[in-house]
Amino acid sequence: METKDSKKVWPEEVRGPIWAVASGKGGTGKTTVAVNLAWVVGEKVQLVDCDVEEPDAHLFLAGDASALREVTTQVPWIDQSKCDFCGLCAQFCQFNALAVVSRVSLVFPELCHGCRGCSMLCPHQAISMVSHRVGQMEIREIGPRLTLLTGTLDVGSPQAGPVISAVKELRDPRILTILDAPPGTSCSVESTLRGVNRVVLVTEPTPFGLHDLKLIVELVRLLRLSFGVVINRMVPGQDLVRRYCEEEDIPVWLEIPEDRRYAEAGARGRILVDEFPELRAAFVRLVDQLKEADG
Amino acid sequence: MKILVTTEGENLQAQLDVRFGRAKNFLVYSTDTMKWNIVDNQDNQDAGHGAGVSSAQKVVDLGVTAVVSGHFGPKAYEVLSAAKIMMFSTSDCTVEEAIDRHRNGKLPLVTTPKEPQSH
């Protein structure tokens, strides 16, 4: 990983595409799809686990966590000797990260969104910005062609966004990147999807699966991203999701049939494409479709 | 002395609201004049984050001596403690009953915050 190089802004033609694997509903198989996709892609790739509240891709991909880095945000620190407790900072803060009472000013770093407004506003220059740890990142070299980047939010830290942005930033922008997104359609999903070229939406053919698929379709359309659907645990006759995709003109890139053997292999931490040739073929086709869409 | 009671309603007969940070209204009662007034806390009831800090700041700015509510979250507790405002806990009563209980010394002083909620 050439961190120094990756900070540079590379021209369009040398930038690797970024694919994200997301889903409105949790437990549909995002990580399974992301890991297997990275495993068969056939070129240098980095998998980024953006599900920082509960990262799990490393359970499937053995490799030593070689580098640990802290993720910090900038939060206010108040010099009590300069503060005259006027309370302007607390009034200004939209996230209630500051409170000023009688002769004490308090900071709640976990509520701060790092805008620096309080420090600019303070008439006595009593506020400076200091680093506040919110999580960590790990780099694992899984093989000659696969690097896994994992972001982990600290327990008790409520904002996933800064950790997601930091772990995405760690990638080498010249090579293909696959992002394993957090479930749902919240801010952390939006942080993951920013700057992505293609989104794989994983769902299941149930009413719940369809309901949450509709939510994330709304989000990716709002972000004007190109996307397709993978239906996991497909059961013949359960055409709910398939029909919806047809009506909405959304491509179904892959259907993975419901099969107890797949679930058992997954539960043992196995990579499905290594165990089941039919799935290897299916994932290779998925790669082809994603690359085709990349043009 | 002014004491503040968190409430779902708008008068002495209204129910006490046990949530401090996300209480709908604050009833501020003067033990000297026995007069009271309502302070709206709707903005904090609807806040995404930091309702406890902001509600506590509002209480401090009102200049009360004591607050009667149900649970105080960790951040609200920190702010109110720093301001040396006494916190009292009760439940299942009207605002008037809460004030009576406080006057008769029947309410326990809160000395620890409620456990934080998991995200």
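**Two interfaces in a predicted model**

Biologist: One salt bridge is found across the interface of chain B and chain A. Which residue of chain B forms a salt bridge with A:Glu110?

Modeller: This is a predicted model. The closest N and O atoms of the pair are 3.9 Å apart. That passes, because the cut-off is 4 Å. The partner of A:Glu110 is B:Lys75.

Biologist: Which element gives the most to the side of chain B that touches chain A?

Modeller: The count between the chains is two residue pairs in polar contact, both residues at pLDDT 80 or more. Elements giving two or more residues to the chain B side are α2 and α3 (74-82) of chain B. With five residues, the top contributor is α2(B).

Biologist: How many residues of the side of chain B that touches chain A are nonpolar?

Modeller: Contact joins 13 residues of chain B to 14 residues of chain A. On the chain B side, five are polar and two are charged. The nonpolar count is six.

Biologist: Is B:Gln57 buried or exposed?

Modeller: B:Gln57 lies in helix α2 (residues 51-62) of chain B. Beyond its neighbours within four places in sequence, B:Gln57 contacts A:Ala90, A:Leu98, A:Ala99, A:Val100 and B:Val79. Its relative accessibility is 13%. The cut-off is under 20%, so B:Gln57 counts as buried.

Biologist: Now chain A itself. What area is buried between domain 1 of chain A and domain 2 of chain A?

Modeller: Domain 1 covers 3-61 + 142-294, and domain 2 covers 73-133. Their centres, taken over C-alpha atoms, are 39 Å apart. Four residues of domain 1 of chain A contact six residues of domain 2 of chain A. Carbon and sulfur atoms give 39% of the buried area, which is about 410 Å².

Biologist: How many residues are charged on the side of domain 1 of chain A that touches domain 2 of chain A?

Modeller: Three residue pairs are in polar contact across this domain interface, both residues at pLDDT 80 or more. The domain 1 side has two nonpolar residues and one polar. The charged count is one.

Key:
Residues are numbered from 1 along each chain as its sequence is written. Chains are lettered from A and ligands numbered from 1 in the order in which they are written. This is a predicted model: local features need pLDDT of at least 70, side-chain atom pairs count only at pLDDT 80 or more; totals for chains, interfaces and linings use all residues. Side-chain values use heavy atoms; hydrogens and water are left out. Domain bounds come from an automatic or database domain assignment. Contact means heavy atoms within 4.5 Å. Buried area is the accessible area (1.4 Å probe) that two parts lose on being put together, summed over both. A polar contact is a pair of N or O atoms within 3.5 Å; within protein, one must be able to donate a hydrogen and the other to accept it, and residues adjacent in sequence count only if both atoms are side-chain atoms. Ala, Val, Leu, Ile, Met, Phe, Trp, Tyr, Cys and Pro count as nonpolar, Asp, Glu, Lys and Arg as charged, and the others, Gly among them, as polar. Helices (H or I, at least four residues) and strands (E, at least two) are DSSP runs, numbered from the N terminus. Buried means under 20% relative accessible area, exposed over 50%, partly exposed in between (1.4 Å probe, protein chains only). A salt bridge is a side-chain nitrogen of Lys or Arg within 4 Å of a carboxyl oxygen of Asp or Glu.
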